[in-house]
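Dear colleague,

Please find the structure below, followed by an account of what was found in it.

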Amino acid sequence: MVYETEVIAMRDVISQMMKTSQNRLLVNTDRVYLAKTNLITLKSLLEERGPRGIFLSINRPYHYMAHLLRIHKVDYEEMLFIDAVSKISGERKMEWKQTTFLDSPFQIPKIFEDLQLIGKTPDGSTSIIKIIESDFVVIDDISAIFHYNELGTGKRFLKEFLDAVASNPKSFTAFAIDRETQRDVYEFLADSSDRLVDMGNAAFMEVPKELEEEHAPMARPSDGEGGMIHE
Amino acid sequence: MNDAIIRRSSGTPGLDEMISGGFPFPSVLLVAGSAGTGKTTFAQKFLFEGAKNGEQCIFFTTLSEPTQWMLRFSSQFEFVDPEYFGREIIYIDIGHDIRESGPHEILDILDEKIAAIMPQRIVIDPITVVCDFIENNYRTFLFDLVTRLKNWDCVTVLTGEVAPGQLYPPEIAHAVDGIVLLMYTHEGEERRKYIEVLKMRGTNHVTGKQSIDITTEEGIVVLKSKF
């Protein structure tokens with residue numbers, strides 16, 4: 001299994017959070033390892049929380065994550081994808097039945113009003129999939145919101161989203177972001193998150209929230225595992 | 001809008017200083033030059049720089065030479081650390097696939113390899129020979145290739161062979177985010193080597209030719225950076 005150590009550790013954190021009614025997980029990762037971190041996070045959530053997750057794709061077309069999940073043998077059949085970028089990406093792969101395509105990432109702040117997280121069921125019919133009815137929501141990636149929206153607009157959207165999750169104990173969300181390149185947004189999210197995890201280069205380390213300020217960046221994989229492929 | 005560009009070191013001493021600190025991440029770059037200008041050396045150093053920092057890398061060889069011979073010659077460079085072979089740097093020969101497959105199949109093969117390894121750095125060396133096998137759809141193929149490579153979230157170096165006197169392969173140049181030229185010029189009895197950054201999107205870069213040397217210790221070195 002790929003990244004077995006990291007998935008086990010992440011599942012453990014998610015499991016602990018569920019037992020204590022915590023449901024907002026923030027993951028710090030080096031930007032260049034974001035895809036790997038999101039794969040580990042998604043796999044952990046699918047195994048720990050359940051199959052009916054929502055994946056909001058802002059940074060790149062959804063099918064890249066779908067492809068990664070397939071190659072790495074992660075079952076995502078019941079996941080719903082909301083893709084905010086394919087229509088402006090020049091991509092031609094837009095075939096997955098459980099995907100809702102937004103016209104552009106500029107729509108993200110209005111997603112609650114316009115969509116209330118609408119998805120399509122496996123039989124192709126449209127249904128309202130509210131956050132509380134899903135097993136988890138993952139946004140890939142948070143920092144991309146700020147490529148297309150003003151800082152204040154993006155923060156307002158995230159605040160509303162995190163408040164909605166916080167007020168619905170059955171829901172769950174996980175964000176991955178690079179603290180070093182998005183410090184302002186990271187700190188903003190950290191204030192509204194229940195648990196912090198430092199993935200660095202995709203090696204795992206949980207950060208006690210009170211120590212977060214003092215925490216040094218992760219060791220590079222030359223010091224141990226992380227950059228290697230575990231097959 | 002908040003859109004700070006993340007950069008990764010090129011690995012070539014002196015080049016990062018010319019391009020605001022390194023190659024934009026993610027991006028697709030063309031390194032063009034005629035035979036013997038150091039394209040493969042440049043590409044190797046780029047990957048070893050990533051491997052040194054714990055990044056995962058793929059070197060796709062196309063139809064230039066078998067991996068065995070490329071590695072035999074490149075192992076003369078001191079920066080080539082055999083410890084990285086097959087771990088941080090994976091060499092994949094796609095020459096057979098290029099000969100036997102159409103453009104869609106080639107893209108799918110690349111997708112499969114990249115998704116399995118999830119690299120932060122990729123080299124395709126050289127990309128130009130692929131055009132002989134794709135013919136009519138070459139521009140479409142390049143557009144799709146560059147789009148996909150960027151969305152795989154990595155920095156990719158495509159090397160491009162050019163005929164003497166030609167600066168870069170134009171059909172590739174329009175699709176990429178950056179162009180680095182490696183070249184020789186005759187000056188009197190001497191043949192001097194230069195590097196030039198012709199294009200680097202989102203980057204303030206030094207313009208004009210800069211002298212380079214190729215050393216066994218560091219590969220290509222921008223001479224200005226030595227002084």
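Axes here are lines fitted to C-alpha atoms, for helices over the stretch in contact, and angles run from 0 to 180 degrees between N-to-C directions. Helices (H or I, at least four residues) and strands (E, at least two) are DSSP runs, numbered from the N terminus.

This is a predicted model, in which local features need pLDDT of at least 70 and side-chain atom pairs count only at pLDDT 80 or more, while totals for chains, interfaces and linings use all residues. Residues are numbered from 1 along each chain as its sequence is written, and chains are lettered from A and ligands numbered from 1 in the order in which they are written.

Helix α3 (residues 62-71) of chain A and helix α5 (residues 103-117) of chain B have axes that come within 9 Å and cross at roughly 75°. α3(A) and α5(B) are therefore roughly perpendicular (65 to 115 degrees) to each other. In this contact (C-beta atoms, placed from the backbone, within 7 Å), α3(A) contributes His67(A), Leu68(A) and Ile71(A), and α5(B) contributes Asp111(B), Glu112(B), Ala115(B) and Ala116(B).

Chain B also holds an open sheet of nine strands with mixed pairing, in the order β5-β4-β6-β7-β3-β8-β9-β10-β11; two strands pair if DSSP finds at least two bridges between them. At the edges stand β5 (89-93) and β11 (219-222) of chain B, each with a single partner strand, so one side of each has no neighbour in the sheet. From one strand to the next, the twist averages 25°.

Within the sheet, β3 (residues 27-33) and β8 (residues 178-187) of chain B run parallel and are joined by four bridges. Leu30(B) stands opposite Ile179(B) in β8(B). Helix α7 (residues 138-151) of chain B packs on the sheet, where α7 touches β3, β6 (121-125) and β7 (155-161) of chain B.

Yours sincerely

Key:
Parallel < 35°, antiparallel > 145°, perpendicular 65-115°, else oblique. Contact = placed C-beta atoms within 7 Å.
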